[in-house]
Amino acid sequence: MATKRFTLLLLLLVFPHLISMAMLATRNGGGLLEKLAGLTEDHGKVLHRSKRGWMWNHFFLLEEYTGTDSQYVGKLQSDMDKGDGSVKYVLSGEGAGTLFIIDEKSGDLHATKSLDREEKANYTLRAQAINRFTGVPLEPETEFIVKIHDINDNEPKFTKEVYTASVPEMSEVGTSVMEVTAIDADDATYGNSAKLVFSILEGQPYFSVDPNTGQIRTALPNMNRETRAHYQVVIQAKDMAGQMGGLTGTTTVNITLTDVNDSPPRFPHSSYHLSVPESAEIGSTVGRIKAIDGDVGVNAETHYIIVDGNGRDSFALSPHNCVRLDFESRRMYSLKVEASNTHLDHRFDHLGPFQDTALVKITVQDVDEPPVFSTSAYVFEVREDTPVDSVIGSVSAWDPDVNDHRVRYSIDRHTDLDRLFNISSNNGSISTLQSLDRESSKWHNISVVATEIGNPQQISRVPVFIKVLDINDNAPEFAMFYETFVCENVRAGQVDNTARILTGRSGFSRRERSAYRLPIVISDNDYPVQSSTSTLTIQVCACDRRGTVQSCGLEAFLLSTRLSTAALVAILLCIIILLMIVVLFAAMRRQKKKEPLIISKEDVRDNVVSYNDEGGGEEDTQAFDIGTLRNPEVIDVNKQRRDIIPEMLFPCRRGPSPPIKGGADIRDFITGRLAESDSDPTAPPYDSLATYAYEGSGSLAESLSSLESSEADADQEFDYLGSWGPRFKKLAE
C-alpha cells in the first residue's frame, strides 16, 4: 500500500497537468477518491467528504497540442445521471461550441484545436444537466475553469536589437557599463520556462555580464581608447534557468571608450628647421610645428610657449611683439618651444609629464631691399628772400643689402608742379629753383624718391616738408578805400566824425573847395622799414550842431544816405533796363498794326480763287494743274489717277457746263497779287493760298456740289442706293 501511495503522489507532483480533476469526480464518492482517502488511513486519520452533485472546480489542458484528434479535457458527470440516457449535458461560456465541445450523453469535454497560453491562459465555462425529454434542469448551473498549462514555446527577447553604451577609458575592473533586459512570454509562475540566465558570447575578456540581472561591467583593467576605442559585445539570454534544451535570444551591445586625458603631448621631432625672407611683414607666418596628442576634444588642447632661445624678441607664437628681420644684422635664430596640456587629469599624473619641448632653428634669407632713408620724414625751413639755387637741406638714404649699391635721388614732380625745388641726384641736397613767396604759400610738401642704381625697381619715398619763413618785404596799405567828410563849421583840433583825422583849422567852405585829397604815409616797425602813401578824399559838407550832414552836393547827399558806389551802379542799371523794355514794347506794338495776308480760314476775302473745277475726291494725290485756270476747255473728264485704278460703282452723270472763254482775268489777278507780295516786306513767303476740300468724281458718292449740275433732281435716278446696304436705306427712301 505504501508503494501505491508513493507512486500516486509522485504522479501528482511531477505531472499535475496530466491529472484532470474530472477524474476525481465519481458518483457516491467511489473510485479514485476512496483510494486517496484510504492512503491516509495508514496515518491513523479518517477522511470524510460531503455528498454533492458536481465534483469539479478546475480542468488543466496543455497548450500547443499537436495531435490530430480532439484533445481530451475531462469528464462531467452528475449524480442524477442513472445511465439510462435521460440526462443531457449542456455547455456554455467562453469558447463553448467552438473551442470546447461536450458529449451531451456521456459528459466528456474536448478541445477542438490547439490553444496558446500566451494568447489566453484561462477559460470560464458553465455546465448543467437537464432532462433530455422534458428539458427541465435536473441541477443548478455550475461554473468551472479550464486553465491552459504552459510549455516552453517562447524564446527570450531583448527589448532592443542593438544597444549603445560608453564607458571612460582606463576604468577599473567591474565598472558598470549598462544593463540589458530580456522578456520571456512563457509563464513565470509555472516551471522554469521563463527563468532566464544571461551570458556573454562575444566581448571577452574585456567585458562580463551578470547572469541574473544582465548588468554589463568592465573585465579588463587599463583599456586605452587610443589603442582601441570601439567594442562589440554579444549577450545571450537562455530560459529554463540555462539548462540544456532551453530557448535562447541574443542582442548586440556597441560599447565606446570615452576619452580621458591620459596621453601627454609629444613633438614628432626633437628639432625643426624653418626659413623666412628678411622682407617678411611683421606678423606673417614663418612655419608651423605641432605636438601630437592621442586624446581628443578638450583633453587634446595644447598650449605653446617659447621658453628659451636668442630669437624670443624677434619671433612669437602669435602676431604680437615681433620685430622686422634683417639679414645683414642676424642670419640665424634658435627657439625652444614647449607644448603642454591645458586641462590636466591628476588621476593620470603617473603617465606624464604632460609637456614636451622642441628646438626650432630659423634661417633668415637675404632679399634685395629698397633704399632706406635716415628718417621717416624731413622738415626744412627757408627764408622767402633766399636766392635761387640756394641749398635748403639734404636727405640721406642707403642700400641696406650686403652689396650696398649706390642710391640716386629725385623729386616726384607730381608733388612739385611749379618746379620750385631741385635735388642733387648724388648727395640728396635740396635747393631752390625759383624765388619763394610766403604770402603765396607758407608750406611746400614734396616727395623725394631714392632709387637703387643696381636695381631701378627698388625705390623708396620720403615726404619733405618745407616751411617758408617770413621777411619784411611788403609795405602796409589801406585795407579798403576810405572816403570821409568834414563839416563847414568844424573847429580846429576837432576829430572828424568818420575817421580819426584832426582838423588843422576852423571853418571850411564848399564854395571855396568842395573836397580835399589828403596823402597819408603808412609805415611798419620791422627791418627794413616798409612804407606806402595812400590818398584820403575828404568832402566839405553842411552839418547841423550835432555834426549830422545836411547837404554837400550830390556826393555829400549820397554819403549821408550811406549809398555805396555799387548801389549807385545797380540803380543806373535798373533804369537802363526799364528804358530798354519800354522801347521794345513800343516796337512790338507798332509791328502788330500791320495786318497779315490772311487772318483766318473764315476770312479769305478776295484771296479766294474761284474756278470751274473740282478735285478727284479722297483718292486725289496729284498736284493742282494751273493749266486748268488758263484753258478750262481742255479738261480731261475721264482722266484717271496715276496711283490706282478707280472702280466705278455707277456711271457718271455729269451735266454739260458752259465753257469759260479766255483766261486773261485770271492771269491779271495772279500777276497783281504777285507784285503786291514782292513789294510788301512783311508778307509771308508765299504768293497765294489755295484751300481745297477734295471731293468729286473720284469719291464713291461722286460730287456733292452743284458744279456742272444742270439736271433737276427729278431727272436723277437713285435706285442704286438700295444696293449700298442697310446704312443707306434711309437715304434711298
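Which residue forms a salt bridge with Arg438? The partner is Asp470, and the closest N and O atoms of the two are 3.0 Å apart. This is a predicted model.

**Salt bridges**

- The count of salt bridges comes to 14. Side chains of opposite charge can pair when their charged atoms come close.
- Arg438 and Asp470 form one of these pairs, with 3.0 Å between the closest N and O atoms. The pair links distant parts of the chain, 32 residues apart. Arg438 is in the loop between β27 (429-432) and β28 (443-452), while Asp470 is in the loop between β29 (459-469) and β30 (483-487).
- Asp470 has a relative accessible area of 43%, so this residue counts as partly exposed.
- Asp345 and Arg347 meet through their side chains in another salt bridge, at 2.9 Å from N to O. Arg347 is exposed, because its relative accessible area is 56%, over the 50% cut-off.
- Arg383 and Asp385 also form a salt bridge, and their closest N and O atoms are 3.1 Å apart. Both ends are partly exposed: Asp385 has a relative accessible area of 40%, and Arg383 has 43%.
- A network of salt bridges links three residues, namely Lys88, Glu104 and Arg132.

**The disulfide and the cysteines**

- The structure holds one disulfide, which joins Cys487 to Cys543 with an S to S distance of 2.0 Å. The two cysteines belong to distant parts of the chain, 56 residues apart: Cys487 is in strand β30, and Cys543 is in strand β32 (residues 531-543).
- The link between Cys487 and Cys543 is left-handed, with -85° about the S-S bond.
- Cys487 is buried, with a relative accessible area of 12%. Cys543 is buried too, and its value is 12%.
- Another cysteine, Cys574, is partly exposed at 47% relative accessibility.

- Is Ile430 buried or exposed? Ile430 counts as buried because its relative accessibility is 0%, and the cut-off for buried is under 20%.
- Ile430 has its place in strand β27.
- Leaving out residues up to four places away in sequence, Ile430 touches Phe380, Phe421, Val448 and Val464, among others. Its contacts also include Ser390, Val391, Ile392, Gly393, Ser394 and Val395.
- Phe380 is 50 residues from Ile430 along the chain, and the C-alpha atoms of the two are separated by 9.7 Å.

**A three-stranded sheet**

- Three strands form an open sheet in the order β10-β14-β13, with antiparallel pairing. β10 (176-179) and β13 (207-209) stand at the edges; each has a single partner strand, so one side of each is left without a neighbour in the sheet.
- From one strand to the next, the twist averages 20°.
- Strand β14 (residues 215-218) pairs with β13 over three bridges, in the antiparallel sense. Phe207 stands opposite Thr218 in β14.
- Strands of a sheet pair through backbone hydrogen bonds, either parallel or antiparallel.

**The annotated span**

- In an unreviewed entry, UniProt lists residues 566-587 as "transmembrane region".
- In the model, the span 566-587 is 100% helix and 0% strand, and its end C-alpha atoms lie 32 Å apart.

Technical notes: Residues are numbered from 1 along each chain as its sequence is written. This is a predicted model: local features need pLDDT of at least 70, side-chain atom pairs count only at pLDDT 80 or more; totals for chains, interfaces and linings use all residues. Side-chain values use heavy atoms; hydrogens and water are left out. A salt bridge is a side-chain nitrogen of Lys or Arg within 4 Å of a carboxyl oxygen of Asp or Glu. Buried means under 20% relative accessible area, exposed over 50%, partly exposed in between (1.4 Å probe, protein chains only). Helices (H or I, at least four residues) and strands (E, at least two) are DSSP runs, numbered from the N terminus. Contact means heavy atoms within 4.5 Å. UniProt positions are given in the numbering used here, feature names are shortened, and annotations may be inferred rather than shown by experiment. Two strands pair if DSSP finds at least two bridges between them. Axes are lines fitted to C-alpha atoms, for helices over the stretch in contact, and angles run from 0 to 180 degrees between N-to-C directions. A disulfide is a pair of cysteine sulfur atoms within 2.5 Å.
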